[in-house]
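The sequence and the model are shown first.

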Amino acid sequence: NTIIKTVNGGDTWSVLTTSAATALNTVYFFNATTGIFSGYGQIFRTTDGGKTLTSVAGGTTVNYSNLLSLFFINERRGWSAGTNGRVLNTIDGGLTWAAQTSNTTNRLNSVVFTDSINGFVYGDSGTRLVTTNGGTTWTASKVMNNHINSTFFINVNKGWGVTESNSDSTTIYKTIDGGKTWSPYWTGSDRALTSVTFVDSL
């Protein structure tokens, strides 16, 4: 449950003591003080830069799922996804969360939105969820056999993903049609890649 914080661009890091009694997987900060943490069966919110965490979702809302991904389109609207096909949504900056119907029970590793209505969730066994209404409804499909660990989209069509297969080989993929099809760009590592991000289209 360790939180590590930097205030100088990563030159040095300090460990914060946390009251969270569960493993924390991902974090999203709106500014220097207010942020959201998600983990096993819980979502937490902080307003003091991570010094104290307040549980804002748990129990039947999270359904005891391990929440693996967070994404916010602005300071009010966000989503979280994880095991058991769990997708959650907030419209008040993470103060409250509600479950959305994902139409899958697979583990979901990555959620990303390109605007307030168009979003994607990717997960194990090539699971792909698509929404065009902010998650009110999700359409599930399978786009590959590999487990998709992380995705990053620069617009509604163009994105990248990192995957791992049951044989432990890792592949970086690219899509130009909103994730309907993916082309392998690099294969060969025996190490699982868990995150991908781009600063621009190149």
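Does Asn 89 count as buried or exposed, and why? Asn 89 counts as buried because its relative accessibility is 13%; buried means under 20% relative accessible area, exposed over 50%, and partly exposed in between, with a 1.4 Å probe and protein chains only. Asn 89 belongs to strand S9. Its C-alpha atom is separated by 6.9 Å from that of Gln 100, a residue eleven positions away along the chain.

The model is predicted: local features need pLDDT of at least 70, side-chain atom pairs count only at pLDDT 80 or more, and totals for chains, interfaces and linings use all residues. Residues are numbered from 1 along each chain as its sequence is written, and side-chain values use heavy atoms, with hydrogens and water left out.

## Overall form

The protein contains one helix and 18 strands; helices (H or I, at least four residues) and strands (E, at least two) are DSSP runs, numbered from the N terminus. Its radius of gyration is 17 Å, close to the 17 Å that the globule rule gives for 202 residues, so the protein is as compact as a globular protein of that length. The radius is taken over C-alpha atoms, and the globule rule is 2.2 Å times the number of residues to the power 0.38. Along the principal axes, the C-alpha atoms fill a box of roughly 45 × 40 × 30 Å. Of the 202 residues in the protein, 48% are buried.

## The sheet S7-S8-S9-S10

Strands of a sheet pair through backbone hydrogen bonds, either parallel or antiparallel. Here, four strands form an open sheet in the order S7-S8-S9-S10, with antiparallel pairing; two strands pair if DSSP finds at least two bridges between them. Strand S7 (67–72) and strand S10 (98–100) are the edge strands, each pairing on one side only. From one strand to the next, the twist averages 25°; axes are lines fitted to C-alpha atoms, for helices over the stretch in contact, and angles run from 0 to 180 degrees between N-to-C directions.

| Strands | Bridges | Opposite residues |
|---|---|---|
| S7 and S8 | five bridges | Ser 69 and Ala 81 |
| S9 and S10 | three bridges | Val 87 and Gln 100 |

S7 and S8 form a hairpin with five residues between them. The hairpin of S8 and S9 has four residues between the strands, and Asn 84 takes a positive phi near 60° there.

Why is strand S8 (residues 78–82) described as largely enclosed by the rest of the structure? Five of its five residues are buried, so the strand is largely enclosed in this sense. Both faces of S8 are covered: Gly 78, Ser 80 and Gly 82 are buried on one side, and Trp 79 and Ala 81 are buried on the other.

## The sheet S3-S4-S5-S6

Another open sheet of four strands has the order S3-S4-S5-S6, also with antiparallel pairing. Its edge strands, each pairing on one side only, are strand S3 (24–29) and strand S6 (54–58). The twist from one strand to the next averages 20°. Five bridges connect S3 to strand S4 (residues 35–39) in the antiparallel sense, and Val 27 stands opposite Phe 37 in S4.

## A salt bridge and a surface patch

A salt bridge is a side-chain nitrogen of Lys or Arg within 4 Å of a carboxyl oxygen of Asp or Glu, and by this rule the count comes to one. Asp 124 and Arg 107 form it, their closest N and O atoms being 3.1 Å apart. The pair links distant parts of the chain, 17 residues apart: Asp 124 is in the loop between strand S12 (119–123) and strand S13 (127–131), and Arg 107 is in the loop between S10 and strand S11 (108–113). Asp 124 counts as buried at 14% relative accessibility, whereas Arg 107 is partly exposed with a relative accessible area of 32%.

On the surface, Ile 4, Trp 13 and Val 15 form a nonpolar patch with about 350 Å² of accessible area together. Patches are made of residues with over 30% relative accessible area and no salt bridge: like charges are joined within 9 Å, and nonpolar side chains (Val, Leu, Ile, Met, Phe, Trp, Tyr) within 5 Å. Accessible areas come from the Shrake-Rupley method with a 1.4 Å probe; for residues, only the protein chains shown count as cover.
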